[in-house]
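Subject: Structure handover

Hello,

Here is the structure we discussed. Please open it alongside this note; my findings follow.

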Amino acid sequence: MLLEHNVVVKDPLRIGLRFASCYPNLYRSAMSSLGFHIIYDFLNHQEDVYCERVVYPYGKSLETGSPLKDFDVVGFSLQYEQDYPHVLEMLREGGLKVRKEDRSPQDPLVIAGGPCASSNPLPMSQFIDLFLVGDGEVILPQLLEKIAQLDNPHQELDALLDVEGVYIPGNKVKLVQVEDMHDAWRPVKQVYPETDNPDLIPAFGRSFLLEVSRGCARGCRFCMAGCMYRPRREVDLKTLLKTAEEGRKSTGLNKIALIGGAVSDYSQIEELCRELLQREFQVTTPSLRIESISRDLLESLKESGLRTITIAPESTWRLRKLVNKPITDEDIQRTMATAFQMKLNVKLYFLVGLPTETQEDLEDLVDLVGDLKAMAPHPDSLRISVNPFIPKPHTPFQQAEFNLKETKGKVKFLKKHLKNKHFKVETPNKSLVQYILSLGGTELADIIEESSQGRVSLSKWKKLTPHISGSETLPWKDIDVGVSDEFLEKEYEKALKGDLTPWCETFGCYHCGSCP
C-alpha cells in the first residue's frame, strides 16, 4: 500500500492546461529526483496548469489515473540513456503512438528535458516533439504560455523556437540556466510516500531534498555534468536554513538530504551542517569530494546518523592526472583513515578503461585497492564499485572509443585480483549500450523502439557502435552548452600529457566559454 502526502489536487475540468510530468524509471528513483519535485511544485503554482506525475512502468497519472493521451503536454525527464526504451513503453501504456509522425494533431505535445535532453537528444528525436535544453523552471513558463496561444502546437512547432532553450533538431540552441540561485525554484511542500514496500521507498528514505548548489567547475574531464552545468552557483546559507524549516513544517520530515553538483564544495558546508544539527535535523548527502572533506564535516554527518561515506578516487595517480582529478593516494588514505577512526563505512568508486590505460595501470590499481582494503577494520567497512568508462558528449573525451573486448578483459582481470566481500562491477555489455545511446544519433530510433518491445541481441547493438573521428560532425553540434570546442580540445591535449588544469574557483578563469 502507498499513501502519499502533499499531493496536489485540482479539478482537471477547471484548468487551462494539463501537464503530465513523466519519470521513465521506478517510483523510488522518481521521488529521489529533486528535478522531478521542482517541475511538479513549480507548475502546480501556476493557477491555470495542473501537473500530474506518471512513473515507469505505468502510462497513467498517480493523481487522477488519467492516461497520457488525455493531457495537453506530456513531459519526460531524461536522466539516464538506459531509460530511453522506458519512455516508449510509457507512451504505449498511456494510449499514444511512439513515433511523433504517427501521432495526430489532437494528441498531446510530447516534450523532454533533463541532462540527456540537454547533451545529445538526437537518439530520441523520432519520438519527442521538442527538447528543453537547460533548467525547466526557466524555459517552461514561456513555453507553456506560447503553447496556450497556438491553435495547434503540433502544426506550429516552429513558432516555439522563439522560446530560449527549446530545441528541435535541425536548429541551433543555447543551454539556459538559472544564473542566480536566488531565482531557483525551491519546492517546500514536497510529496513524500508512506509505505512498507521497500521498492517504493526513495533512495534517501524519508528525507526533505534541499538544493545547496547547481553546477560544478572542478573540471573532471570525463564528467558531462561538470562540463555542461557551469559555473557553480550556490544558495546562500540563510535561504537554506529557512527552506529547511519551512520544509519541516510542510512535510514533518526531520531528515535533510543535501543535493547539488558537488555538495561538499559548498563554501559553508560545515556551518550549514552544524546549524541544521542545532535545529535538530538529521543530515545526509550523496558522494563527497575528497578535496573538500574535513573532520568537522564528517563529525556533523556522523552525528546526523550517516553510516557510510561515498568517495570516488576513480583510478591510479597517473590516470587521475589524465582525468584532472588531482587527489593523491595519501589524500585518499587520510580521508579513509579519518572515516574508519570515526566508525564510518566507506564506499569507493573506480573507473576502468580510461584513455591510455595500460596493463601496468591495472596492476597499480590492484595494489592501491589492496592498500586501501588493508585499512578497513572489518570486511563490511569497505565497499568497492567499478564502472567501465563511457565517453560523453560535451567533454574533452567525447571522441574517445569504447572497446568492448578490451573492457571485458580488464574487468576480468580486476574481478580475479580484487577479492573483496562487497565488490561490484558494471557489466561491460550494458556499458556498450550506454556508450551507443550517449554518442549516437537519429539512426538509433529503430533499435530503441525494438528494445522497448523486448530484448535486443548484443550483436545488433554492436553494429551501431559510433566511431567519431576528429573530422566528423558531432550529432550534438547544434547544442551550445557554453563550454567551447577549443577548450575541450585543449583539455584533451593536456590530458594526454598528464597536465592538470587547477580548479578555476581558486586559480582563476581559463576562458572555457561558460561564464559571461
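Charges come first. The protein chain carries 63 positive and 74 negative charges, and their mean positions lie 6 Å apart. Lys and Arg count as positive, Asp and Glu as negative; His and the chain ends are left out. Each charge is placed at NZ of Lys, CZ of Arg, CG of Asp or CD of Glu.

Two notes on the source. This is a predicted model, so local features need pLDDT of at least 70 and side-chain atom pairs count only at pLDDT 80 or more, while totals for chains, interfaces and linings use all residues. Residues are numbered from 1 along each chain as its sequence is written, and side-chain values use heavy atoms, without hydrogens and water.

Overall build. The protein chain has 18 helices and 19 strands (DSSP runs numbered from the N terminus: helices are H or I with at least four residues, strands are E with at least two). Its radius of gyration is 23 Å, close to the 24 Å from the globule rule for 516 residues, so the chain is as compact as a globular protein of that length. That radius is taken over C-alpha atoms, and the rule is 2.2 Å times the number of residues to the power 0.38. Along its principal axes, the C-alpha trace spans about 65 × 55 × 45 Å.

Burial. Of the 516 residues, 57% are buried (under 20% relative accessible area; exposed is over 50%, partly exposed in between; 1.4 Å probe, protein chains only).

Cores. The largest nonpolar core has 58 residues, and L258 and L272 have the most contacts inside it. Helix 12 (residues 359–375) gives the largest share of this core, 6 residues. A second, separate core of 52 residues includes L91, C116, V433 and V481. A nonpolar core here is a set of buried Ala, Val, Leu, Ile, Met, Phe, Trp, Tyr and Cys residues joined through side-chain atoms within 4.5 Å. Beyond its neighbours within four places in sequence, L272 contacts V212, L237, L240, L241, L258 and Y266 (contact means heavy atoms within 4.5 Å).

Helix 3 (residues 84–93). Here 7 of 10 residues are buried: Y84, P85, H86, V87, L88, M90 and L91. G95 follows helix 3, with a positive phi near 85°.

T308. This residue sits in strand 15 (residues 308–314). T308 is partly exposed, at 31% relative accessible area. Leaving aside neighbours within four places in sequence, T308 contacts N345, V346 and K347.

Best wishes
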